Amino acid sequence: QVTVVDSGGGLVQPGKSLRLSCAASGSIESVSAMQWYRQAPGNLRQLVAGITYGGSTNYAESVKGRFTIARNNAKNTMTLQMNSLQPEDTAVYYCKVEAKETGGTWADYWGQGTQVTVSS
């Protein structure tokens, strides 16, 4: 079984920063891509940033230059450093991990979500 836990959300003022964390644990044989998504009320879940095992990254246009994704392959962890936060960044942020369970097949595993609220 694979478990993904994301954390680090909170209430911040516009212009401030937050750092989200994601950790995958359990019977993991291998981890491939790791991604952050977000979902605001009334909206579809959208990709924010992704990182491959080799460290290649991609970002949504709206967060380029403000957010930085990173991972630690040895620990199966990932972070999202969010700077210059704006009210439109308010959403529930979800971590997604592509992993192969020991003796199993590749699948996507999601965290429970962490709320980020940007407001003065």
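Buried, in these legends, means under 20% relative accessible area, exposed means over 50%, and partly exposed is in between (1.4 Å probe, protein chains only). Everything here comes from a predicted model, where local features need pLDDT of at least 70, side-chain atom pairs count only at pLDDT 80 or more, and totals for chains, interfaces and linings use all residues. Residues are numbered from 1 along each chain as its sequence is written, and side-chain values use heavy atoms, leaving out hydrogens and water.

View 1. Helices (H or I, at least four residues) and strands (E, at least two) are DSSP runs, numbered from the N terminus. In a regular strand the side chains alternate between the two faces of the sheet.

View 2. Two strands pair if DSSP finds at least two bridges between them. Here four strands make an open sheet in the order 1-3-8-7, with antiparallel pairing. Strand 1 and strand 7 (67-72) are the edge strands, each pairing on one side only. On average, neighbouring strands of this sheet are turned by 15° against each other, direction ignored; the axes behind such angles are lines fitted to C-alpha atoms (for helices over the stretch in contact), and angles run from 0 to 180 degrees between N-to-C directions. Strand 1 is joined to strand 3 (residues 18-26) by six bridges, and Thr3 stands opposite Ser25 there. Strand 3 also has six bridges to strand 8 (residues 77-82), where Thr77 sits opposite Ala23.

**View 3. The disulfide.** A disulfide is a pair of cysteine sulfur atoms within 2.5 Å, and this structure holds one. It joins Cys22 to Cys95, with 1.8 Å from S to S. The link is left-handed, with -50° about the S-S bond. Cys22 lies in strand 3 and Cys95 in strand 9, so the pair ties together parts that are 73 residues apart in sequence. Both ends are tucked away: Cys22 is buried at 2% relative accessible area, and Cys95 is buried at 0%.

**View 4. The hairpin of strands 9 and 10.** Strand 9 and strand 10 pair in the antiparallel sense over five bridges. Look for Lys100, which stands opposite Trp106 in strand 10. Four residues lie between the two strands, and in this hairpin Gly103 takes a positive phi near 75°.

View 5. Rings of Phe, Tyr and Trp (its six-membered ring) pair if their centres lie within 6.5 Å; planes under 30 degrees apart count as stacked, over 60 as edge-to-face and the rest as tilted. That rule gives two aromatic pairs. Tyr37 and Trp110 have ring centres 5.0 Å apart and planes at 55°, so they are tilted. This pair links distant parts of the chain, with Tyr37 in strand 4 (residues 28-39) and Trp110 in strand 10 (residues 106-110), 73 residues apart. Tyr37 is buried at 15% relative accessibility, while Trp110 is partly exposed at 36%. Tyr94 and Trp110 have centres 6.4 Å apart and planes at 80°, so that pair is edge-to-face. Tyr37, Tyr94 and Trp110 form one cluster. A charge sits over a ring if NZ of Lys or CZ of Arg is within 6 Å of the ring centre and within 35 degrees of the ring normal. Arg45 lies over the face of Tyr94, at 3.6 Å from the ring centre, and over the face of Trp110, at 4.8 Å.
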